[in-house]
Amino acid sequence: MMYIGAETMISPMGASTEENWKSMLANRSAIGWVDQVGLHHEKLPLARFDALTTDRRFHSLVFDCLQAVSQAIDASLLWHASTQVIVSATKGAVDDHLDRPFDGVMHPLQKAFDLKRLPLIVSNACISGVQAINIADELVAAGEAEHVIVIAADLASQFVINGFQSLYAISDKPCAPFDIARKGITLGEAAAGVVVSRNRGIFKEEPLSLLAGYSSNDANHISGPSRTGEGLVRAVRRTMARHQKQAADLDLLSVHGTATQYNDEMEAIAINRLGLQNLPLLSLKGYFGHTLGAAGVLETVATMQMLRHGVQLKSLGFEKLGTSQPLNVLANNKVKEFNCFLKTASGFGGGNAALMVEKI
Amino acid sequence: MDQLKEDLKHQIIEQLNLEDVTAADISDDMLLFDANGLALDSIDALEMIVLLEKYHGIQVVNPEEGKSAFLSVNSLAEYIRQKSN
Amino acid sequence: MIKITGYCHITDLLCAVNGKILLQPSPDSEHSWFRQIYNFADIQYPKFHKMDALAQAGVLGVELIRLFAARPMDFQDEGVDLVFANRYASAATDRRFQASYADHMSPSPAIFVYTLPNIITGEIAILKKWYGENTFVVMPEFDPGFFTSYIQRHIARGCEAVIGGWVQIDEENTEVFIFLAEPIPAEPIPAEPIQADDGAVRLGVRELLEIYQQHLS
């Protein structure tokens, strides 16, 4: 069995998994208003670390997150020859070091933690996080690493704010995934980490079971989601088939849900094509904003908390369904023991990725 | 010759990085987004908005509004004249 | 047995397939170096002109292998996984995007959509209508061990082919090495030379590094 555990979240809502879970349970959001940050000096909703007290730069976020993850496992594993660290991120330190966005998390990270192997950076747009966990599974299954630590982080940099604004993709109010009045994304920043291993004994807290999946490209457009959801359908179908799972075996869908018109519509079409439209579904973007390369890991970790605590959280920002196909979007928190969830992500470049986590 | 329309053709080529296209290839009424025209796409439409702001000081708040204006060089010129009056 | 059945280099000095030089940049040309290769190979793909250099390199690499290593690449649409790497992600395009908003505060959406390194895999997937897995990783230098084990893992789980390589492009430097790896039925002769007449190379860490180094160091 492949285990996933030692999960950690660092977001504007809290520096630990516990703090974040407490806030999520109360349906609080990391999204606030930031003055003058827009292209025309307008204020924008953003889930950003408080610049005055906790200014987090990319490197420090990755370092802090790896530190936190190492405390949830046998810490000596960090300097094992068979431990691989994967960093998942899209833009890295782009605002500070445009020409070398990832240099700070290669050799300096290796040196600081005395890692035997150079960290591997996965930079695959918004599916980076889900894919990084799937690659971790691949490496452990093939015997190329005994334990893989996945650290995901991204910042709501001026670079990405300007970029998404140039695409008219940023909402002027906090994002509302799948809602009829949705107006686009809200950017967020965060870090999250997990450990993937076949050795249950390394985890201080009981891990969960990782049912790793696949990714599939839409082969359609680099910045527009497929109208048919083809890539997402294929990624989920292959992931479920790999573990012989049917719709009835799944209890919760933790989807991408960016709150753009096209993304949410694409997901609704794909979920209906997969026959999963009756399953409870949520997007976590209303809590954390869109954290880009961190999203896949952060949202897997957040959904793992729901599995551990027996609560399915409401899809924050959602009131009335605004997709052409039916979906069972969670409108309220629901206390419910459950066994298994599916996590999906879709992103620029046409990527779609999926994985599942279930109780042992 | 309508100078605004000539300028627009050069600005479109420059802003949209159109290779192998000269101003002479773009007729005033050519449908820019049509496969038989310049075959522009949705990202090009957003670049047109940048063009309007950069060269003509016109801010398009709602990209939907631009759609009818971007049909051809003729409609673009008309839109710019309307906005600057 | 897995073989590298075709590979392509593009540097500032040359363009080569399976080690053999096809073209060198003409200093008199009005066209960019990549555009010269595009014209030479007689590729007809208007979208090419809108792409950034990374994505152009990906399209050129795949098309050059198809044309000049004579690989048909008629795989099933889910049969091909793509894996690319470089050191500085999309830094060169990032700088162009930054310039677009630093000057006029009018950021260019057409540049922004290329400010992710994995767009190269998306453009190849669109070109070939391939729905397989795409991965982009960042590493300090070409790591033949990483690529060799990726190819072995993915072909072991049923992939018909893996296409990937190293694509580091900035103002000073062009380092493009793209390969096609396919499972080929084992030959009856055990003492087969590393490089056969058709240019195919047996997959191995050392072999992959050797062919990379034919035109890159």
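Student: Why does the second largest cavity lie between domain 1 and domain 2 of chain A?

Tutor: Start with the general idea: rolling a probe the size of a water molecule over the atoms shows where empty space is left. A cavity is a set of points, on a 1 Å grid over the protein atoms alone, where a 1.4 Å probe fits but cannot get out, and lining residues have an atom within 4 Å of a point. Here, domain 1 (3-173 + 187-202) and domain 2 (211-358) of chain A both give residues to the lining, so the second largest cavity lies between them. Those bounds come from an automatic or database domain assignment.

Student: What should I know about the model itself?

Tutor: It's a predicted model, where local features need pLDDT of at least 70 and side-chain atom pairs count only at pLDDT 80 or more, while totals for chains, interfaces and linings use all residues. Residues are numbered from 1 along each chain as its sequence is written, chains are lettered from A, and side-chain values use heavy atoms, with hydrogens and water left out.

Student: How much space lies in the second largest cavity, and which element gives the most to its lining?

Tutor: About 60 Å³, counting the space filled by probe spheres set on the points, with grid points joined across faces, edges and corners. α4(A) gives the most, with four residues. Helices like this one are DSSP runs (H or I, at least four residues), numbered from the N terminus. Chain C joins in too, with Tyr150(C) and His154(C) among the lining residues.

Student: Now the rings. What kind of pair do Phe75(C) and Trp130(C) make?

Tutor: Rings of Phe, Tyr and Trp (its six-membered ring) pair if their centres lie within 6.5 Å; planes under 30 degrees apart count as stacked, over 60 as edge-to-face and the rest as tilted. The structure holds 21 aromatic pairs over all chains. For Phe75(C) and Trp130(C), the centres are 6.2 Å apart and the planes at 50°, so the pair is tilted.

Student: Is Trp130(C) buried or exposed?

Tutor: Buried means under 20% relative accessible area, exposed over 50%, partly exposed in between (1.4 Å probe, protein chains only). Trp130(C) has 3%, so it's buried, and Phe75(C), at 15%, counts as buried too.

How values were computed
On a 1 Å grid over the protein atoms alone, a cavity is a set of points where a 1.4 Å probe fits but cannot get out, and a pocket is an open set with protein on both sides within 12 Å along at least five of seven lines; lining residues have an atom within 4 Å of a point. Helices (H or I, at least four residues) and strands (E, at least two) are DSSP runs, numbered from the N terminus.
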